Amino acid sequence: MKYAVPLGYVVHCDSRKTNGNLGLRIVVESQYPLTVVHATIEAALNELAEFLAEVDRETLTVSKESLKTCKLESNTLRLRDRAAYAWREIAEGSYDFLRLEQELAALQTITTRDLLTFYLEKVEITGKQRRHLVVSIGPDPILNSL
């Protein structure tokens with residue numbers, strides 16, 4: 001989505017378990033109105049079912065290895081970065097300081113069926129377990145008038 005539709009400077013997506021609930025988190029920093037950002041994200045999510053249904057085992061394996069490498073590289077952080085990671089866990093109330101190790105272990109067990117099931121239950125608009133929360137922090141009107 002980041003490259004198909006340039007919504008903003010930061011576009012990030014990950015799965016996250018917080019307070020016992022697993023979900024998909026999408027973060028976008030954008031200069032566009034919230035309605036445009038929201039509609040674009042929903043449209044992109046609606047197109048995922050077709051894509052996930054066609055993912056084969058080889059593509060999934062390559063993707064999992066790529067994600068594993070990325071996560072391991074991000075773990076070689078400076079002490080300042082590790083402290084920020086720990087404080088984020090505390091601030092979010094998850095206190096999961098072994099998150100990386102758990103994510104890597106879980107990553108090895110994921111199948112294409114797991115991906116599609118997660119999407120159909122938690123991400124798709126008609127999903128039984130879908131919950132939707134939008135938080136918008138608007139631009140500073142004083143800064144925008146300068």
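The model is a predicted one. The protein contains seven helices and two strands, which follow one another along the sequence in the pattern β-β-α-α-α-α-α-α-α. Of its 146 residues, 16% are buried.

**Overall organisation**

- Among contacts between residues at least 6 apart in sequence, 52% link residues at least 24 apart.
- Buried residues account for 16% of the chain's 146 residues.

**Packing of helices H3 and H5**

- Helix H3 spans residues 57-74 and helix H5 spans residues 99-107; their axes come within 10 Å of each other and cross at roughly 170°.
- Because angles over 145 degrees count as roughly antiparallel, H3 is roughly antiparallel to H5.
- On the H3 side, the contact is made by Lys64, Leu67, Lys68, Lys71 and Leu72.
- On the H5 side, Leu100, Glu103, Leu104 and Leu107 take part.
- Sorted by class, this contact between H3 and H5 consists of five nonpolar and four charged residues, with no polar residues.

**The second largest pocket**

- The volume of the second largest pocket is about 1500 Å³.
- Its lining comprises 35 residues, of which Arg25, Ile26, Leu133, Val134 and Val135 are the closest to the pocket centre.
- Strand E1 (10-18), strand E2 (21-29), helix H1 (34-46) and helix H6 (112-123) each supply at least two lining residues.
- Strand E2 gives the most to this lining, with nine residues.
- By class, the lining of the second largest pocket holds 17 nonpolar, 10 polar and eight charged residues.

**Leu7, in the segment before E1**

- Leu7 is located in the segment that precedes strand E1.
- Leu7 counts as buried because its relative accessibility is 3%, and the cut-off for buried is under 20%.
- Leaving aside neighbours within four places in sequence, Leu7 is in contact with Val28, Glu29, Ser30, Gln31, Tyr32, Val37, Thr40 and Ile41.

**Leu45, in helix H1**

- Leu45 belongs to helix H1.
- With a relative accessibility of 11%, Leu45 also counts as buried.
- Beyond its neighbours within four places in sequence, Leu45 is in contact with Leu24, Ile26, Tyr119 and Val123.
- Ile26, one of these contacts, is also among the residues closest to the centre of the second largest pocket.
- Leu45 and Tyr119 are 74 residues apart along the chain, and their C-alpha atoms are separated by 9.0 Å.

**The loop between H4 and H5**

- Tyr95 is placed in the loop between helix H4 (79-92) and H5.
- Although Tyr95 is not a glycine, its phi is positive, at about 50°.
- Asp96 is also placed in the loop between H4 and H5.
- Leaving aside neighbours within four places in sequence, Asp96 is in contact with Tyr85, Glu89 and Gln102.
- The C-alpha atoms of Asp96 and Lys17 are separated by 9.5 Å, while the two residues are 79 apart along the chain.

Note on methods
Residues are numbered from 1 along each chain as its sequence is written. This is a predicted model: local features need pLDDT of at least 70, side-chain atom pairs count only at pLDDT 80 or more; totals for chains, interfaces and linings use all residues. Side-chain values use heavy atoms; hydrogens and water are left out. On a 1 Å grid over the protein atoms alone, a cavity is a set of points where a 1.4 Å probe fits but cannot get out, and a pocket is an open set with protein on both sides within 12 Å along at least five of seven lines; lining residues have an atom within 4 Å of a point. Grid points are joined across faces, edges and corners, and a volume is the space filled by probe spheres set on the points. Helices (H or I, at least four residues) and strands (E, at least two) are DSSP runs, numbered from the N terminus. Ala, Val, Leu, Ile, Met, Phe, Trp, Tyr, Cys and Pro count as nonpolar, Asp, Glu, Lys and Arg as charged, and the others, Gly among them, as polar. Axes are lines fitted to C-alpha atoms, for helices over the stretch in contact, and angles run from 0 to 180 degrees between N-to-C directions. Angles under 35 degrees count as roughly parallel, over 145 as roughly antiparallel, 65 to 115 as roughly perpendicular and the rest as oblique. Contact means heavy atoms within 4.5 Å. Buried means under 20% relative accessible area, exposed over 50%, partly exposed in between (1.4 Å probe, protein chains only).
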